[in-house]
Amino acid sequence: MPQSLLKKHIPHSVIVKAPGLLPMLYTPSELEDELGIPSRTIRDWINSGAPHQRDNRGHIWVNGVEFAQWVEIMRKSKPSQVKMGNDEAYCLRCRKPVKLLNSQQKQRGKHILLTGDCPECGCTINRGGYNGES
């Protein structure tokens with residue numbers, strides 16, 4: 001499954017309404033009416049791998065049952081979470097875990113704050129922890 005699909009947010013209203021789609025072919029604008037979301041969003045999902053088919057004139061058709069199954073799969077799939085080491089933190093600018101440079105650890109009671117610099121973009125990163133585990 002492509003990584004871009006895992007980042008797609010499926011609105012709660014779609015999760016609730018999709019199982020009620022009929023086993024028939026819908027156009028993106030019909031799905032817009034049924035699910036209450038913009039057809040542009042549906043087209044973006046189609047470009048990212050949502051089930052669909054095109055007729056000989058190039059029109060997009062989406063099977064309601066297959067689309068509902070795709071929504072369920074997307075709802076349940078979550079990116080795997082990797083436990084970071086004690087000298088690592090998540091850089092919001094680079095959007096990935098990195099090993100901190102010039103890391104410093106401060107403790108206040110049971111709370112721990114790990115501060116350091118990102119080796120890739122140079123920004124300051126903070127990571128909090130509790131009870132001696134950062």
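## An exposed glycine in a loop

At 59% relative accessibility, G20 counts as exposed; a residue is called buried under 20% relative accessible area, exposed over 50%, and partly exposed in between (1.4 Å probe, protein chains only). G20 is placed in the loop between α2 (12-17) and β1 (25-26). In sequence G20 and A68 are 48 residues apart, while in space 8.0 Å lies between their C-alpha atoms.

## Basis of the model

The model is predicted, so local features need pLDDT of at least 70 and side-chain atom pairs count only at pLDDT 80 or more, whereas totals for chains, interfaces and linings use all residues. Residues are numbered from 1 along each chain as its sequence is written, and side-chain values use heavy atoms, with hydrogens and water left out.

## Overall architecture

The chain contains 5 helices and 8 strands. Here helices (H or I, at least four residues) and strands (E, at least two) are DSSP runs, numbered from the N terminus. Starting at the N terminus, the order of elements is α-α-β-α-α-β-β-α-β-β-β-β-β. The chain has 134 residues, of which 30% count as buried.

## The nonpolar cores

In soluble globular proteins, nonpolar side chains tend to be buried together. A nonpolar core is defined as a set of buried Ala, Val, Leu, Ile, Met, Phe, Trp, Tyr and Cys residues joined through side-chain atoms within 4.5 Å. The largest nonpolar core of this model has 19 residues, and W45, F67 and W70 have the most contacts inside it. At least two residues of this core are supplied by each of α3, α4 (39-47), β3 (60-63) and α5 (64-76). The largest share, 5 residues, comes from α5. Apart from this core lies another, of 8 residues, including A89, C118, C123 and I125.

## Salt bridges

A salt bridge is a side-chain nitrogen of Lys or Arg within 4 Å of a carboxyl oxygen of Asp or Glu. By this rule, the count comes to 5 salt bridges.

One of them joins the side chains of D44 and R40, at 3.0 Å from N to O. These two residues are 4 residues apart in helix α4, which means that about one helical turn separates them. D44 is partly exposed, with a relative accessible area of 33%, and R40 is also partly exposed, at 48%. Another salt bridge is formed by E72 and R75, whose closest N and O atoms are 2.8 Å apart. Because they are 3 residues apart in helix α5, E72 and R75 are separated by about one helical turn. Both are partly exposed: E72 has a relative accessible area of 30%, and R75 has 39%. E72, R75 and K76 are linked in a network of salt bridges.

K99 forms a salt bridge with D87, with 3.4 Å between the closest N and O atoms. This pair links distant parts of the chain, 12 residues apart: K99 lies in strand β5 (residues 96-99) and D87 in the loop between α5 and β4 (88-91). D87 is partly exposed, with a relative accessible area of 32%.

## A negative surface patch

E30, E32, D33 and E34 form a negative surface patch. Patches are made of residues with over 30% relative accessible area and no salt bridge, with like charges joined within 9 Å and nonpolar side chains (Val, Leu, Ile, Met, Phe, Trp, Tyr) within 5 Å. Accessible areas come from the Shrake-Rupley method with a 1.4 Å probe, and for residues only the protein chains shown count as cover. Lys and Arg count as positive and Asp and Glu as negative, while His and the chain ends are not counted; the place of a charge is taken as NZ of Lys, CZ of Arg, CG of Asp or CD of Glu.
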